[in-house]
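Welcome! Please take a moment to look over the sequence and the 3D view, and then we can walk through them together.

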Amino acid sequence: MNDGLRFADLFAGIGGFRYAFEAAGCKCIWACEIDKFARHTYSVNHMGEELHWRDHDKHRYHPHFAADVRDVDAKHIPDFDILAAGFPCPTFSIAGVSKRNSLGWKHGLDDEEKGQLFFEIVRIIDEKKPAAFLLENVKHLIYHKGGKTFTYMLRVLREDLGYEPVTWKLFDAAKLVPQH
C-alpha cells in the first residue's frame, strides 16, 4: 500500500486516474481539467462538492481544482509525489492527424491548442520535481511522424528533466473498457 503518496491529476477528465491511484492508497492533492462538464462530474464524484459548470468563479479560484493548465502558476500547486496526466490525444491519433491534415491544420507538438500541452506537463514537472509521473495517450503517439515525436518527448523527459529511467508500454485496455 502506498499510504501517504500524494498525486496531482492533470487533464483529469472525470477522474479515471484518481480512481486507480486512490484504490492504491494515494491521495489526490490537486487536479486540473479544462472541460466544464468533466469538471462538474469530477467535483461531484471526487471532491464532495458540486462545482457546477455554470459557476465560473468557483472554478477560477478553487485552490485544489484548476481549469486551464496554461493559466496555472506551478509554484501554487501543492507539493506532490506523482503526476498523473492523460494529455489530449486527438492531435496524435491516426484519426486526429488525418482530420487535421485534410483541414490543413497542424498536429502533434506543432498543434498550439492541444499538442503543446505536453510542454505544460514538462513545465509542471520541472517546477515541482515529483518522484514519478505517469503519462497516458494513444497508441499512435509512438508512431507519430515516424516515431520522431515520441523520441523527442522521451529525450525531454530523460535529458532535459533528468528522469532516468523513463519507461513506456503499449497497453491495450480492450479487456477492461470498450475500446482499444
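Leaving aside its neighbours within four places in sequence, which residues is Phe-133 in contact with? The section on Phe-133 below has the reply.

## About the model

This is a predicted model, in which local features need pLDDT of at least 70 and side-chain atom pairs count only at pLDDT 80 or more, while totals for chains, interfaces and linings use all residues. Residues are numbered from 1 along each chain as its sequence is written, and side-chain values use heavy atoms, with hydrogens and water left out.

## The overall picture

The protein has 6 helices and 5 strands, in the order β-α-β-α-α-β-β-α-α-β-α along the sequence. Helices here are DSSP runs of H or I with at least four residues, strands are runs of E with at least two, and both are numbered from the N terminus.

Buried residues (under 20% relative accessible area, with exposed over 50% and partly exposed in between, using a 1.4 Å probe and protein chains only) make up 44% of the 180 residues. Along the principal axes, the C-alpha atoms fill a box of roughly 45 × 40 × 35 Å.

## Around Phe-133

Phe-133 sits in strand β5, residues 132-135. Apart from neighbours within four places in sequence, Phe-133 is in contact with Ile-82, Leu-83, Ile-125, Leu-157, Tyr-163 and Val-166; contact means heavy atoms within 4.5 Å. Its relative accessibility is 19%, so Phe-133 counts as buried.

## Two helices side by side

Helix α5 (residues 117-128) and helix α6 (residues 148-160) have axes that come within 11 Å and cross at roughly 10°. That makes α5 roughly parallel to α6, a label for angles under 35 degrees. The axes are lines fitted to C-alpha atoms over the stretch in contact, and angles run from 0 to 180 degrees between N-to-C directions.

On the α5 side, Phe-118, Phe-119, Val-122 and Ile-125 meet Tyr-152, Met-153, Val-156 and Leu-157 of α6.

## Backbone details to look for

Phe-11 lies in the loop between β1 (6-10) and α1 (16-23) and is buried, with a relative accessible area of 15%. Lys-145 is in the loop between β5 and α6 and is partly exposed, at 43%.

Finally, look for the cis peptide bond that joins Glu-164 and Pro-165, with omega about 5°. Pro-165 is found in the segment after α6.

Notes:
Parallel < 35°, antiparallel > 145°, perpendicular 65-115°, else oblique.
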